[in-house]
Amino acid sequence: MTKLDIVNEISTLTGVQKTDVSVCVEAFMKVVKDAMCEEENVYLRGFGTFVVKKRAQKIGRNITKNTSVIVPAHNYPGFKPAKSFQQRMKGEDVTAKD
């Protein structure tokens, strides 16, 4: 599913124009990205959590030159689905309030 598919689906479900839905989807993604760049997790109850994960410094190998390279510590985005979301993906009966 692409961003366009999401916009079309939301527009169909809500009756809101696609251009307005597109602006909302873009704004949502910007808010999530900005928060995560500030090392802030984003919690969406019933859906999941966008988490900032930390990767420690390590020594990597450049196999073509046969040299060691230091890979600095850095953050990367992750997603942890909500328990009800995981159960639904497994096909279990979920009576959660979505």
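This is a predicted model: local features need pLDDT of at least 70, side-chain atom pairs count only at pLDDT 80 or more; totals for chains, interfaces and linings use all residues.
**Notebook: a look around the model**

I began with T49: apart from neighbours within four places in sequence, T49 is in contact (heavy atoms within 4.5 Å) with N41, V42, Y43, G78, F79 and K80. Residues are numbered from 1 along each chain as its sequence is written, and side-chain values use heavy atoms, with hydrogens and water left out.

**Entry: T49 and its strand**

I looked up where T49 sits, and it lies in strand β2. For the labels, helices (H or I, at least four residues) and strands (E, at least two) are DSSP runs, numbered from the N terminus. Is T49 buried or exposed? T49 has a relative accessible area of 16%, so I wrote it down as buried. The cut-offs are under 20% relative accessible area for buried, over 50% for exposed and partly exposed in between, with a 1.4 Å probe and protein chains only.

**Entry: the sheet**

Next I checked which strands go together. Three strands make an open sheet in the order β1-β2-β5, with antiparallel pairing. The edge strands are β1 (42-44) and β5 (74-81), each of which pairs on one side only. From one strand to the next, the twist averages 25°; axes here are lines fitted to C-alpha atoms, for helices over the stretch in contact, and angles run from 0 to 180 degrees between N-to-C directions. Two strands count as paired if DSSP finds at least two bridges between them. As a reminder to myself, strands of a sheet pair through backbone hydrogen bonds, either parallel or antiparallel.

How many bridges join β1 to β2? I found three, with β2 covering residues 48-55 and the two strands running antiparallel. Between β2 and β5, also antiparallel, there are eight bridges.

I then followed G48. In β5, the bridge partner of G48 is P81. The hairpin of β1 and β2 has three residues between the strands, and G46 there takes a positive phi near 85°.

E39 is not a glycine, yet its phi is positive, near 60°. N66 is not a glycine either, and its phi is positive at about 55°. E39 is in the loop between α2 (18-37) and β1, while N66 is in the loop between β3 (58-62) and β4. With 57% relative accessibility, N66 counts as exposed, whereas E39 at 48% is partly exposed.

**Entry: salt bridges**

I searched the whole structure for salt bridges and got three. The rule is a side-chain nitrogen of Lys or Arg within 4 Å of a carboxyl oxygen of Asp or Glu.

- E26 and K3 meet through their side chains at 2.4 Å, N to O. E26 lies in helix α2 and K3 in helix α1, so this pair ties together parts that are 23 residues apart in sequence. E26 is partly exposed at 37%, and K3 is partly exposed at 39%.
- K30 and D34 meet at 2.6 Å, N to O. Both lie in helix α2, four residues apart, about one turn of the helix.
- K54 and E39 meet at 3.4 Å, N to O. K54 lies in strand β2 and E39 in the loop between α2 and β1, so the pair ties together parts that are 15 residues apart in sequence. K54 counts as exposed, with 58% relative accessibility.

**Entry: V71**

V71 lies in strand β4 (residues 67-71). I looked up its accessibility, and at 27% V71 counts as partly exposed. Which residues touch V71, leaving aside neighbours within four places in sequence? They are Q57, K58 and G60. I also checked V71 against G15: they are 56 residues apart along the chain, and their C-alpha atoms are separated by 49 Å.

**Entry: I10 and S84**

I10 lies in helix α1 (residues 3-14) and is partly exposed, with a relative accessible area of 33%. S84 lies in helix α3 (residues 83-89) and counts as buried at 15%. From C-alpha to C-alpha, S84 and I10 are 21 Å apart in space, and they are 74 residues apart in sequence.
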